[in-house]
Amino acid sequence: MSGALLAGLVAGYGIAIPVGAVGTYLVALTARTSLGTGLAAALGVATADGVYALVAVLGGAAIAAVIAPFAGPLRLLSAAILVVLAAHGAVRAVRTHRAATVRPVRPLAPGRAYVSLLGITLVNPATVVYFTALVVGDRAGTAVPVLDQGVFVLAAFAASASWQIALAGGGVLLGRVLTGPRGRLVTALASSAVITALAVRLVLA
């Protein structure tokens, strides 16, 4: 069981730590809204990682064969969603900055944030391919006890959740430091630019 726990933690951190477009959006979202919204969004990302870890454990090598024909369209869909989010964030930031009066930003409901980040992460085929490669390589044709499989999935979820929550915490600090109108505009535009660039790289990869 200890081996499955360690493997799950390593796998979870391995997929979560590289901060890509989703991580950037998570930080920016928390900075613009609240810690509650950020934590809900973080759990949405971690849930998707946990789901794909479970799918990989249950499906094994068959998953890669199913996902492979759709990897291209799924990658394009993921990139398109990220570009739309980036554009929406930039337009909203510019409109707010140009407004004659300062209007309070309507906080995004935690439930909506959870569902949004869950969906964005689920359409990324790299996650399921990553977990499938790890699981298939680790099995090497041997049977794995059901308990160990469960421990692996839970450990992967816990690792991903802890990292995403840390990113959300970074967003809170960013929001507290850059509270002025100009600071919010600059960070929103920078975030949109980074997310767009990462979406383009996702398509070209």
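A residue is termed buried at under 20% relative accessible area, exposed at over 50%, and partly exposed in between, with a 1.4 Å probe and protein chains only. The structure is a predicted model, in which local features need pLDDT of at least 70 and side-chain atom pairs count only at pLDDT 80 or more, while totals for chains, interfaces and linings use all residues. Residues are numbered from 1 along each chain as its sequence is written, and side-chain values use heavy atoms, without hydrogens and water.

By this scale Val 200 is partly exposed, because its relative accessible area is 42%. Val 200 belongs to helix H9, where helices are DSSP runs of H or I with at least four residues, numbered from the N terminus.

Ala 21 lies in helix H2, which covers residues 21-32. Its relative accessibility is 8%, so Ala 21 counts as buried. Between Ala 21 and Val 83 there are 62 residues of separation in sequence, yet their C-alpha atoms are 9.7 Å apart in space.

Helix H6 comprises 13 residues (110-122) and should span 18 Å at 1.5 Å a residue; its end C-alpha atoms are 18 Å apart, which agrees. The expected span is 1.5 Å times one less than the number of residues. Which residues of H6 are buried? They are Ala 113, Leu 117, Leu 118, Ile 120 and Thr 121. These residues cover an arc of only 165 degrees around the axis, and therefore lie on the same side of H6; the arc is taken over the directions from the helix axis to the C-beta atoms. On the face turned away from this buried side, H6 carries the exposed residues Arg 112 and Val 115.

Note on methods. Helices (H or I, at least four residues) and strands (E, at least two) are DSSP runs, numbered from the N terminus.
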